[in-house]
Amino acid sequence: MKRLGLIDIGSNTIRLVIFEYSKDTGLNELQNVKTPARLSQYLEEDKTMNKDGINILVETLNSFKKVAEKFQVEELVPAATAAVRQSKNINEIIKSVKDKTNLDIEIIPEQDEAFYGFYAATHTLNINNGITVDIGGGSTEITYFEDKKLKEAISFPFGVVTLEKMFFADKDHNDKNAIKKCEKYVKEQFESEKWIKDKNVPIIGIGGSARNNARIHQSLNNYPIAGVHGYDMTKKGLEEVFDVLKKSDKNELKDLDGLSRDRTDIILPSSIVFNTLYDISDAKRFTFSRKGLREGLVMTRIKEEFPKAFNKNNVTSDALKHIANEYNINASNGKQRMKLAEDLLNKLEEITSFKIPKEDKEIFKEAAYLYYLGSFIDADSSSQHTYYIIANSSINGLSHKERVKLALLASFKNKTLLKFYIKGTPWFDDEEIELIQKLGGIIKFAHALNVSNTDCIESMALIEKKNEFELRAKYVTDPIAEEYQSDRQKKHLEKLLPKKLNIIFTQD
């Protein structure tokens with residue numbers, strides 16, 4: 001186990017994030033506090049950071065240092081990006097911080113800043129080819145990757161704070177002329193890099209500005225589940241947010257759900273950047289990543305000590321393994337339930353016309369493993385807790401629709417509850433709902449075959465007889481509980497079979 005604190009010294013905000021890594025539960029965030037320091041505002045015209053800016057930085061670092069000490073952080077890393085990196089008096093800043101806080105600021109070079117965002121996104125999302133964009137206060141990092149390998153990277157010398165100063169100073173945040181000039185400037189900047197044009201891949205938005213755009217869109221559409229990691233938007237969605245920002249006055253922005261109050265004056269420039277990049281790259285969609293520079297930097301450090309910590313090719317399986325460990329799912333029981341469910345599904349596909357897509361099979365298997373994880377909280381309402389936990393947890397590698405599908409399968413109890421859960425997320429058509437019900441029934445029956453958690457069933461055979469199907473379950477330990485429960489739940493398999501099902505437990 002390792003506990004590490006990262007102080008992200010950005011141009012707009014300074015943020016302390018305390019991470020803990022363990023092999024069982026992966027990388028988790030223990031604390032996250034920020035202050036809107038706006039360091040880039042303390043850069044004079046000659047790019048020298050004035051005394052006020054340095055003092056704010058020192059005071060913030062000393063405050064965050066005390067928080068880190070209370071959390072018993074083993075290593076505290078202050079990492080600075082554009083505002084400090086662009087300062088002419090960078091050595092004075094570093095020395096002042098060292099003298100007054102005893103901390104060594106790590107200056108993140110432009111290329112490294114782009115790399116860390118790319119690294120975090122590709123290790124927490126199942127997107128093989130894409131573009132990442134991370135808008136800070138004083139710079140914008142963009143990368144392009146194929147097969148999760150970095151191909152291009154650039155840091156543009158503008159961010160939301162600098163764009164606001166360049167085009168909106170002493171003007172309304174939605175001044176039409178300022179918007180046009182800002183759009184023209186950003187477009188020229190992006191078009192200067194030929195590799196950005198017409199990529200026709202997803203864009204991954206990273207950082208606070210991207211998160212606020214996503215949350216605003218979720219609020220506008222009464223989004224039913226929590227979190228922005230893996231949240232998808234189309235061009236229409238981006239434009240919807242942009243239109244709201246343009247039409248709202250400053251007071252309306254302060255009350256706009258999803259928008260942090262400290263971003264009301266800088267949110268519109270970020271929307272301009274996202275929409276412009278979407279058009280120039282001919283993007284397929286806009287996906288938001290909650291993991292960015294901070295996570296990328298921490299992950300690469302942890303990987304030095306734990307080489308097998310993060311695998312970009314096993315994003316979802318690793319994330320689900322960690323959530324299973326977090327809710328104390330017994331690995332042996334989970335594997336047995338998954339084995340039985342998969343075996344039953346394969347046998348049903350062989351005998352009947354029932355067929356499901358490969359991607360649904362993977363979610364089905366993982367749901368069997370995680371089945372009723374909510375019993376960790378309360379056994380009597382384990383279905384409800386299971387659905388809520390999975391549907392509202394940020395699970396790396398899964399889209400939000402896939403996450404809800406996993407929640408519906410892992411929590412399946414009966415048709416009535418399924419319909420109740422689905423009301424909250426009306427994303428599935430009748431055919432998909434019917435499939436979820438059938439797959440959930442198979443998982444519930446598999447659970448009945450190991451209800452005593454003794455792994456008593458060794459193998460199964462599904463045999464078609466003249467008037468019935470016979471399921472022969474070979475056992476190695478006494479299956480009294482399994483006999484009773486499987487007989488109660490066999491109705492779920494009979495919905496997929498043209499004849500009644502007779503279950504025989506045997507040692508032969």
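**First stop: the largest cavity**

Select Asp8, Asp134, Gly136, Gly208 and Arg294: of the 30 residues that line the largest cavity, these lie nearest its centre. The model is a predicted one, in which local features need pLDDT of at least 70 and side-chain atom pairs count only at pLDDT 80 or more, whereas totals for chains, interfaces and linings use all residues. Residues are numbered from 1 along each chain as its sequence is written, and side-chain values use heavy atoms, with hydrogens and water left out.

A cavity is a set of points, on a 1 Å grid over the protein atoms alone, where a 1.4 Å probe fits but cannot get out; lining residues have an atom within 4 Å of a point. The largest cavity holds about 360 Å³ of space, a volume being the space filled by probe spheres set on the points, which are joined across faces, edges and corners. Colour β6 (130-135), α7 (208-220) and α11, each of which supplies at least two residues of this lining. Helices (H or I, at least four residues) and strands (E, at least two) are DSSP runs, numbered from the N terminus. The lining comprises five nonpolar, 14 polar and 11 charged residues. Here Ala, Val, Leu, Ile, Met, Phe, Trp, Tyr, Cys and Pro count as nonpolar, Asp, Glu, Lys and Arg as charged, and the others, Gly among them, as polar.

**Arg294**

Apart from neighbours within four places in sequence, Arg294 contacts Leu6, Asp8, Arg15, Val17 and Phe19 (contact: heavy atoms within 4.5 Å).

**The second largest cavity**

Select Glu113, Ala114, Gly117, Phe118, Thr132, Asp134, Glu141, Thr143 and Ile206, which line the second largest cavity. This cavity has about 30 Å³ of space. The largest share of its lining, four residues, comes from α4.

**The largest pocket**

Move to Leu27, Asn28, Lys291, Ser394 and Asn396, which lie nearest the centre of the largest pocket among its 33 lining residues. A pocket is an open set of grid points with protein on both sides within 12 Å along at least five of seven lines. The volume here is about 820 Å³. Helix α12 gives the largest share of the lining, six residues.

**Helix α14**

Select residues 358-370, helix α14. Buried residues in α14 are Asp360, Ile363, Phe364, Ala367, Ala368, Tyr369 and Leu370. They pack against α12 (315-326), α13 (331-351), α15 (382-391), α16 (400-410) and α18 (430-448). Just after α14, Tyr372 has a positive phi of about 55°.

**Last stop: two loop residues**

Find Lys47 in the loop between β3 and α1 (51-70). Its phi is near 70°, a positive value in a residue other than glycine, and Lys47 is partly exposed, at 38% relative accessible area. Finish at Gln72, in the loop between α1 and β4 (75-80). Gln72 has a phi near 55° and is exposed, with a relative accessible area of 64%.

Methods:
The expected span of a helix is 1.5 Å times one less than its number of residues. Buried means under 20% relative accessible area, exposed over 50%, partly exposed in between (1.4 Å probe, protein chains only).
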